Amino acid sequence: MRKQFECVPYGDTAVLVNFTNKIDPKVNSAVHSFSAVISNEKIEGIVETIPAYSSLTIIYDPKLIDFSTIVEKLNKLHTQCGKQTSHFSSIKIPILYGGEYGPDLHFVAKYHHISIEEVIKIHASAEYLVYMIGFTPGFAYLGGMSEKIATPRLESPRKSVPAGSVGIGDKQTGIYSIESPGGWRIIGRTPLELFNTKKDPPTLLKPGDKVRFVPISKKEYEQQLKKWQN
Amino acid sequence: MAKLIVKSGGLFTTIQDLGRYGYQKYGIPPSGAMDGFALQVSNLLVGNKRNESALEITSAGFSAIFEGECEIAITGADLSATLNGKMMMPWQSFHIQDGDILKFEKIKSGFRAYLSVSGGFDIPKILGSKSTYVRAKIGGHYGRKLRNGDEIALKSKNLLVFHGTKIPSHMIPTYSNHVRVVLGPESDRFSKTEIEKFFSSTYRLTAQSDRMGYRLNGPTLRAKDGKHDILSNGMIIGAIQVPPDGNPIVMMSDHPTVGGYVKISTVISADIPSLAQLKPGDKLSFEHVTLGEARKAYLHMQKTLDLLETHIKKKPKVFFIKIGEKLYKVKVRAR
């Protein structure tokens with residue numbers, strides 16, 4: 001398949017760069033690398049970038065730069081990059097599976113006719129890629145989950161999902177960074193603080209980061225929660 | 001220290017500046033004044049930097065009392081503001097004295113007014129901005145809209161400068177309910193007929209329209225093969241999403257940072273202030289312009305702001321200087 005790289009105008013203040021149109025870790029990694037390259041270049045007039053599954057939105061100030069100049073620069077940077085490795089973090093996320101912290105774990109196991117232990121084993125054995133952050137500040141969409149535990153979303157979303165909840169939404173898994181409504185199947189919760197506006201960047205996870213889940217006990221959960229709350 | 005005490009919070013009043021940029025990759029929308037032009041002008045009128053925080057007052061009903069002296073200006077919507085019961089004209093600055101009462105009585109035109117105070121509001125910046133983002137309780141006054149009894153301190157100034165300025169009437173913007181868009185980024189997902197329908201139709205803002213987005217009602221639009229879903233991509237202010245029900249949604253300041261529906265076109269940045277002044281029930285229609293025309297309109301808006309800034313700086317200023325218990329009034333003109 002041909003690798004796609006196409007710049008289209010998006011209003012008079014943005015360029016949408018479309019990569020190959022699919023949810024794929026290689027495509028998504030290319031998006032994050034390109035986003036990092038653009039940040040490093042510090043091109044005058046570029047305000048910020050929004051990486052997503054297979055695209056990068058680049059916001060600019062039309063007073064300082066115009067569409068064709070940006071596209072010219074982007075095409076040049078694209079041919080130059082590729083071999084560059086960007087620095088993304090690998091983060092271990094402690095998680096308490098099941099019980100009141102993961103009210104849908106039981107459903108996920110039943111849905112696939114496997115045991116709860118099996119679901120935990122599958123979920124905690126993979127390495128995930130932060131495809132993008134959105135929906136709410138800090139909500140991380142993670143790619144790389146085994147299809148063995150892919151589960152449809154709730155038919156009607158919960159009005160409130162606590163911060164730290166880890167859910168499954170179809171083929172993806174994700175972490176709710178702040179309390180919000182939500183329709184994903186909640187299988188556990190992390191005691192880590194995922195969103196704090198006093199920090200810069202304000203989120204623990206960044207697009208392009210790698211994530212692993214580490215099962216913990218309720219006692220460990222409470223100890224870790226206390227650590228940052230005090 | 002001077003402060004503003006809210007007597008009635010009104011429908012939806014928040015503190016906003018020009019927005020929080022650089023954090024959309026972390027899921028944080030830009031927020032900021034919906035009518036960025038009016039915000040900048042109200043700040044210039046009281047001698048503030050263009051990006052200073054001001055109150056964004058939605059609809060009539062807001063009222064406040066001032067403690068101490070300052071200068072204020074109101075721009076944007078004309079919500080029939082009164083000062084101690086006396087009519088106040090928008091787009092000019094006023095000298096406020098201790099105990100003055102400001103009220104926004106009823107909508108005359110527009111929907112969102114901006115109230116700037118000299119020096120700005122004394123609140124902390126969160127991630128580089130004072131803008132309120134209510135959904136995540138970020139910024140502004142404890143991350144929420146203002147309520148009765150709230151007290152907001154103004155940045156104290158030793159020297160009170162009174163600009164007493166109004167802007168030339170030809171520079172007051174004429175807000176329109178016919179806005180310009182550029183095609184993209186997913187216009188090609190609609191047939192020519194559907195695109196033509198979009199440009200020839202009149203839509204209405206539904207009651208589900210707020211700082212996040214405007215939900216429109218009118219002729220529904222169908223994407224090719226009925227496929228309205230796309231892989232989620234970044235969102236910007238002015239982007240017009242069309243979900244499967246065919247009713248367009250225009251993204252506004254508190255928009256989600258990513259979205260998964262096709263976008264038929266995007267409102268140009270120079271016409272966002274016009275959008276900001278629409279209220280639920282108002283009519284709205286769209287016109288197609290080129291990217292070049294959009295950029296020209298944006299540059300024209302920036303030039304108007306530059307001219308205003310020069311105009312205001314040239315005007316003679318009145319300084320109030322307190323020496324001991326006596327207050328002296330000094331008029332100074334730039335040479």
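User: In this predicted model, how many of the six residues of strand E6 (residues 128–133) of chain A are buried?

Analyst: The structure is a predicted model, and a residue is called buried when its relative accessible area is under 20%. Strand E6 of chain A is largely enclosed by the rest of the structure, because the number of its six residues that count as buried is six.

User: Which residue of strand E7 (residues 140–143) of chain A stands opposite A:Met132?

Analyst: E6(A) and strand E7 of chain A pair in the antiparallel sense, over four bridges. These two strands form a hairpin with six residues between them, where A:Phe135 takes a positive phi near 70°. Within E7(A), the residue that stands opposite A:Met132 is A:Tyr141.

User: Which residue of E13(A) stands opposite A:Leu129?

Analyst: E6(A) is also joined to E13(A), by two bridges, and these strands run antiparallel. In E13(A), the residue opposite A:Leu129 is A:Lys210.

User: Do strand E5 (residues 90–97) and strand E13 (residues 210–215) of chain A pair in the parallel or the antiparallel sense?

Analyst: Strand E5 of chain A is mostly covered, with six of its eight residues buried. One residue pair that links it to E13(A) is A:Lys92 with its bridge partner A:Arg212. Over six bridges, the sense in which E5(A) and E13(A) pair is parallel.

User: Which residue in E12(A) does A:Leu96 stand opposite?

Analyst: E5(A) pairs with strand E12 (residues 185–189) of chain A as well, here in the antiparallel sense and over two bridges. The residue of E12(A) that A:Leu96 stands opposite is A:Arg189.

User: Which strands are the edge strands of the open sheet of six strands in chain B?

Analyst: This open sheet has the order E7-E6-E9-E4-E1-E11, with antiparallel pairing. An edge strand of the sheet pairs on one side only, and this holds for strand E7 (86–87) and strand E11 (151–153) of chain B.

User: By what angle are neighbouring strands of the closed barrel of chain B turned against each other on average?

Analyst: The closed barrel has seven strands, running E13-E20-E17-E18-E15-E14-E21 with mixed pairing. If direction is ignored, neighbouring strands of this sheet are turned against each other, on average, by 40°.

User: Which residue of E18(B) stands opposite B:Gly213?

Analyst: Strand E15 (residues 213–217) of chain B pairs with E18(B) in the antiparallel sense, over three bridges. The residue of E18(B) standing opposite B:Gly213 is B:Met251.

User: At about what angle does helix H2 (residues 192–200) of chain B run to E21(B)?

Analyst: Helix H2 of chain B lies across several strands of chain B, among them strand E13 (178–183) and strand E20 (263–267). Strand E21 (283–288) is another of these strands, and the helix runs to E21(B) at about 130°.

User: Is B:Thr257 buried or exposed?

Analyst: B:Thr257 lies in the loop between strand E18 (249–251) and strand E19 (258–261) of chain B. Apart from residues up to four places away in sequence, it touches residues of both chains, including A:Ile50, A:Ile133, B:Gln24 and B:Met235. Because its relative accessibility is 1%, B:Thr257 counts as buried.

User: Are helix H1 (residues 36–45) and helix H4 (residues 291–314) of chain B roughly parallel or roughly antiparallel?

Analyst: The axes of H1(B) and H4(B) come within 10 Å and cross at roughly 10°. Angles under 35 degrees count as roughly parallel, so the relation of H1(B) to H4(B) is roughly parallel. The residues in contact include B:Phe37 and B:Leu44 of H1(B) and B:Leu305 and B:Ile312 of H4(B). By class, this contact has one charged, two polar and eight nonpolar residues, and the arrangement asked for is roughly parallel.

User: How far apart are the centres of domain 1 and domain 2 of chain B?

Analyst: The domain assignment of chain B gives domain 1 as 3–173 + 315–332 and domain 2 as 178–289. The two domains are in contact through 25 residues of domain 1 and 18 residues of domain 2. Taken over C-alpha atoms, their centres are separated by 30 Å.

Conventions:
Residues are numbered from 1 along each chain as its sequence is written. Chains are lettered from A and ligands numbered from 1 in the order in which they are written. This is a predicted model: local features need pLDDT of at least 70, side-chain atom pairs count only at pLDDT 80 or more; totals for chains, interfaces and linings use all residues. Side-chain values use heavy atoms; hydrogens and water are left out. Buried means under 20% relative accessible area, exposed over 50%, partly exposed in between (1.4 Å probe, protein chains only). Two strands pair if DSSP finds at least two bridges between them. Contact means heavy atoms within 4.5 Å. Axes are lines fitted to C-alpha atoms, for helices over the stretch in contact, and angles run from 0 to 180 degrees between N-to-C directions. Angles under 35 degrees count as roughly parallel, over 145 as roughly antiparallel, 65 to 115 as roughly perpendicular and the rest as oblique. Ala, Val, Leu, Ile, Met, Phe, Trp, Tyr, Cys and Pro count as nonpolar, Asp, Glu, Lys and Arg as charged, and the others, Gly among them, as polar. Domain bounds come from an automatic or database domain assignment.
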